[in-house]
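Subject: Structure handover, with notes on pockets

Hello,

Please find the structure below. Notes on its pockets follow.

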Amino acid sequence: VDKRLMEIKKQFQTEDIFKKQLEITRISLDDIKSEIRLNVYKEKLLGDRLQVLEAEIKNYFDNNRKQMSQPEQIHLKHILVSTEQEAKDLLISIKVGANFDLLAKEKSLDTASKNRGGDLGFLVRGMFSPEIQERVFSMADGAIEIVRTQLGFHIMKVVERKPAQEPVWNKETKAMVERIIKQVKFSQEYPKYIQNLRNSAQIQIFLNP
């Protein structure tokens, strides 16, 4: 379970970013461990049926390079308020030196991020509303602008961004691909395993006299 958890954590830049993502999605570490443990039990039942050959791993990598590429990521912070005037006032305060994180804790209506100073972590396209996505991906690092959505007015700050990256064939990638292939095989073999148990079960029904 710990090994699988480490593989998940490696997908995030730092431990703090991983923890912030858990807060955003409202999933606890215990929930993740329980899910991993259940999956490990199920995989143990199937044994050799989930064996993955080296050739399968390389073939999957070669045929899915585009899907495995790392999309552009953007690290955002925001402060959500209800009126445009309040948003403009906060923006002026920030531009003249007010601390963005402290203002987020004091003023933001977003209860999920305000205690982190409005930090949303690293996001990719498709993870937020079209209004915000269109604006923030055109902003420079460090830029702060107001964006209106159905939730209200967001003071958005671009902390940094990571450019898109092509996948690299290495030990970590091989382990990830092997896990993907095992998951595919598991989804195919587990229903068969359960059905076989049902077909071979000897059931006797005793009626009360």
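**The largest pocket**

In this predicted model, 46 residues line the largest pocket, and Glu 7, Ile 8, Lys 10, Gln 11 and Met 176 lie nearest its centre. Two or more lining residues come from each of helix 1 (2-9), helix 2 (15-25), helix 3 (29-46), helix 5 (65-68), strand 2 (119-123) and helix 9 (171-200). Helix 9 gives the largest share, 11 residues. The volume of the largest pocket is about 1,800 Å³. Its lining has 21 nonpolar, 12 polar and 13 charged residues.

**The second largest pocket**

This pocket holds about 490 Å³ of space. It is lined by 22 residues, and Ile 24, His 78, Asp 110, Leu 120 and Leu 151 are the closest to its centre. Helix 2, strand 1 (73-81), strand 2 and strand 4 (152-162) each give two or more residues to this lining, with the largest share, 3 residues, from helix 2. By class, there are 10 nonpolar, 9 polar and 3 charged residues.

**Terms**

A pocket is an open set of points on a 1 Å grid where a 1.4 Å probe fits, with protein on both sides within 12 Å along at least five of seven lines; lining residues have an atom within 4 Å of a point. Volume is the space filled by probe spheres set on the points, which are joined across faces, edges and corners. Helices (H or I, at least four residues) and strands (E, at least two) are DSSP runs numbered from the N terminus. Nonpolar means Ala, Val, Leu, Ile, Met, Phe, Trp, Tyr, Cys and Pro; charged means Asp, Glu, Lys and Arg; the others, Gly among them, are polar.

Residues are numbered from 1 along each chain as its sequence is written. Local features need pLDDT of at least 70 and side-chain atom pairs count only at pLDDT 80 or more, while totals for chains, interfaces and linings use all residues, and side-chain values use heavy atoms, with hydrogens and water left out.

Regards
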